[in-house]
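Opening the notebook on this one.

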Amino acid sequence: MIYPYVVLSVLVVGAAIGFQRGWLREIATLGGLLVAWLGVSALGGNLVGVVNRADLIVRFTVNGGFDSTSPGGMLDLLKKAPVVDPHHADTFLGIVVVLVAVASYVAASRYAPPPIAASGRALGVLVGLINGYLLAYLGLRYLAPGARTGYDLGLFSGNLVDELGRYLPTLLIAAVVV
């Protein structure tokens, strides 16, 4: 399977970005990624509802809902086809996580100072690896939840999201310690 190589590539890119940006910017980015993850986990269902309601309002208005002969029937018809399926909202929530991740990278680059010493870059590599790990986990969790490792070693479940999630708390504690 290709997914383990995707995870490895994300880790390498995360380390390279961490070296370039330094540890302060990477820690600020980690904070943004954690806020994105917690926000989507806690408020994802509400966000889907708000997006569906806004889409319903726009489609009802654009289709002449108030001027139609049967606005109630049109509204019922539009409700049957929401823009985001509330029962399968993972892709939408994954896109939200990606957008907030990009925003956190941009905000950290803008507001956190660049690295001054080589030690700042070295720590940036470590925190960049953790950011890459978190991004790989979140990306696979929301965009490819059924991703398999392709390896049957007996030690792993084969589900890549489960395997990445197993070590995530340890890595986040390490990031806080760093």
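Below are my entries on helix packing and on a surface patch.

Before anything else, I note that this is a predicted model.

**Helix 2 and helix 5.** I started with helix 2, residues 23-62, and helix 5, residues 118-143. Their axes come within 8 Å and cross at roughly 20 degrees. Angles under 35 degrees count as roughly parallel, so I'm calling helix 2 roughly parallel to helix 5. I checked the handedness too, and this crossing is left-handed. Then I sorted the residues of the contact between helix 2 and helix 5: 15 are nonpolar, six polar and two charged.

**Helix 2 and helix 3.** Next I looked up helix 3, residues 71-79, against helix 2. Here the axes come within 10 Å, with a crossing angle of roughly 135 degrees. That makes helix 2 oblique to helix 3. I have this crossing down as right-handed.

**Surface patch.** Which residues form a nonpolar patch on the surface? I found I95, V98, L99, V102, V106 and L143. Together they have about 540 Å² of accessible area. V106 is one I looked up by itself, and it is found in helix 4.

Definitions and conventions
Residues are numbered from 1 along each chain as its sequence is written. This is a predicted model: local features need pLDDT of at least 70, side-chain atom pairs count only at pLDDT 80 or more; totals for chains, interfaces and linings use all residues. Side-chain values use heavy atoms; hydrogens and water are left out. Axes are lines fitted to C-alpha atoms, for helices over the stretch in contact, and angles run from 0 to 180 degrees between N-to-C directions. Helices (H or I, at least four residues) and strands (E, at least two) are DSSP runs, numbered from the N terminus. Angles under 35 degrees count as roughly parallel, over 145 as roughly antiparallel, 65 to 115 as roughly perpendicular and the rest as oblique. A crossing is left-handed if the near helix is turned anticlockwise from the far one by less than a right angle, and right-handed if clockwise. Ala, Val, Leu, Ile, Met, Phe, Trp, Tyr, Cys and Pro count as nonpolar, Asp, Glu, Lys and Arg as charged, and the others, Gly among them, as polar. Patches are made of residues with over 30% relative accessible area and no salt bridge: like charges are joined within 9 Å, nonpolar side chains (Val, Leu, Ile, Met, Phe, Trp, Tyr) within 5 Å. Accessible areas come from the Shrake-Rupley method with a 1.4 Å probe; for residues, only the protein chains shown count as cover. A salt bridge is a side-chain nitrogen of Lys or Arg within 4 Å of a carboxyl oxygen of Asp or Glu.
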